[in-house]
Amino acid sequence: MLIAQITDLHVTRAGELLAGRVDTRAALGRCVARLAALDPRPDVLLVTGDLTETATAEEYDFLRQALDPLGLPWLAVPGNHDDRAAMRRAFPQMAPAAAEDAPFCHAVARPDWPVRLLGLDSIVPRRSEGALCAARLVWLAGQLAGATPAQPALIYMHHPPFRTGIAPMDACGLLQGLEDFRALVTRHADRIAGILCGHVHRVIHAAIGGVPVLLAPSSAHQISLDLRSEAPLGFCLEPAKIALHDWRPEIGLVSNYVYIDDFPGPYPFK
Ligand SMILES: [Fe+2]
């Protein structure tokens with residue numbers, strides 16, 4: 001099963017540049033063009049939060065109109081820039097059973113797929129940091145009980161469940177429920193293929209109890225790598241990427257990162 005992941009799109013309002021500099025609408029257009037050109041086609045597209053910059057209906061409409069022509073099933077969890085109710089209104093196909101005022105915006109894929117895609121809502125409304133309260137951990141434990149080593153779960157969420165070392169992002173990381181989440185994952189490690197996340201706008205890999213945790217970069221702009229303890233938050237224009245996760249029962253999860261923009265020289269060069 002081929003799973004494409006994009007994250008931290010930060011689609012802005014029409015005519016606005018992010019931080020006065022990044023045209024995230026144009027970046028999404030290039031990202032969608034690269035997704036459309038992938039051969040073989042992914043089976044599903046996951047969007048791991050911060051779909052929009054300010055969570056307006058206009059921003060979500062722009063995103064839906066950009067993704068729909070791909071003809072791919074796609075699922076998304078909210079990031080700290082998103083709004084649950086606005087997402088549900090914009091993308092009713094993702095959570096048909098969830099009422100608009102349901103407490104969380106989890107997004108679970110069809111149960112007949114070879115991997116059980118479990119979208120875990122990690123946000124705290126109007127806050128940058130994430131949280132996994134008892135109710136969400138109970139929900140996740142119930143979902144994991146339905147997974148098996150033969151049909152494992154693949155958890156996707158916005159906030160990374162580990163310390164990245166990038167101080168300003170760790171300060172707004174997963175600040176509640178982290179230890180209980182890690183204990184839950186460790187107990188079910190034989191039935192979790194991996195954990196996909198975003199939020200930090202960089203490629204960063206870690207593990208929990210032997211389960212790979214893969215943080216994908218933004219499809220628009222990145223965050224500077226600065227591991228000093230007093231580092232300020234800095235954005236940069238390192239190349240944007242799509243994560244492409246290939247899960248096969250006999251191998252497990254193999255992940256590649258696809259550059260979105262063109263680069264010098266023919267590809268491949270022979
Ligand atoms: Fe975020």
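**A first walk through the model**

1. Let's begin with helix α4, residues 134-145: its 12 residues reach 16 Å from first C-alpha to last, close to the 16 Å expected at 1.5 Å a residue (the expected span is 1.5 Å times one less than the number of residues). Helices here are DSSP runs of H or I with at least four residues, and strands are E runs of at least two, numbered from the N terminus.

2. A word on the basis: this is a predicted model, in which local features need pLDDT of at least 70 and side-chain atom pairs count only at pLDDT 80 or more, while totals for chains, interfaces and linings use all residues. Residues are numbered from 1 along each chain as its sequence is written, and side-chain values use heavy atoms, with hydrogens and water left out.

3. Back to α4, where R136, L137, L140, Q143 and L144 are buried (under 20% relative accessible area; exposed is over 50%, partly exposed in between, with a 1.4 Å probe and protein chains only). Seen down the helix axis, these buried residues fall within an arc of 120°, so they line one face; the arc is taken from the directions from the axis to the C-beta atoms. On the face turned away sit the exposed residues A134, V138 and A145.

4. Strand β7 (residues 153-157) is largely enclosed by the rest of the structure, because 5 of its 5 residues are buried. A153, I155 and M157 cover one side, L154 and Y156 the other. β7 runs parallel to β5 (residues 116-120), joined by 5 bridges, and L120 has M157 as its bridge partner. With β9 (residues 192-197), β7 pairs in the parallel sense over 4 bridges; pairing requires at least two DSSP bridges between the strands.

5. Do look at the iron ion. Its protein donors are D50 (OD), N80 (OD1), H158 (NE2) and H199 (ND1), lying 2.1 to 2.3 Å from it. Donors are N, O and S atoms within 2.8 Å of the metal (3.2 Å for Na, K and Ca), and since water is not among the atoms, sites may look incomplete. D50, in the loop between β2 and α2, and N80, in the loop between β3 and α3, are 30 residues apart and link distant parts of the chain. D50 counts as buried at 2% relative accessibility, and N80 at 14%.

6. Finally, an open sheet of 5 strands has the order β3-β2-β1-β14-β15, with mixed pairing. β3 and β15 stand at the edges with a single partner strand each, so one side of each is left without a neighbour in the sheet.
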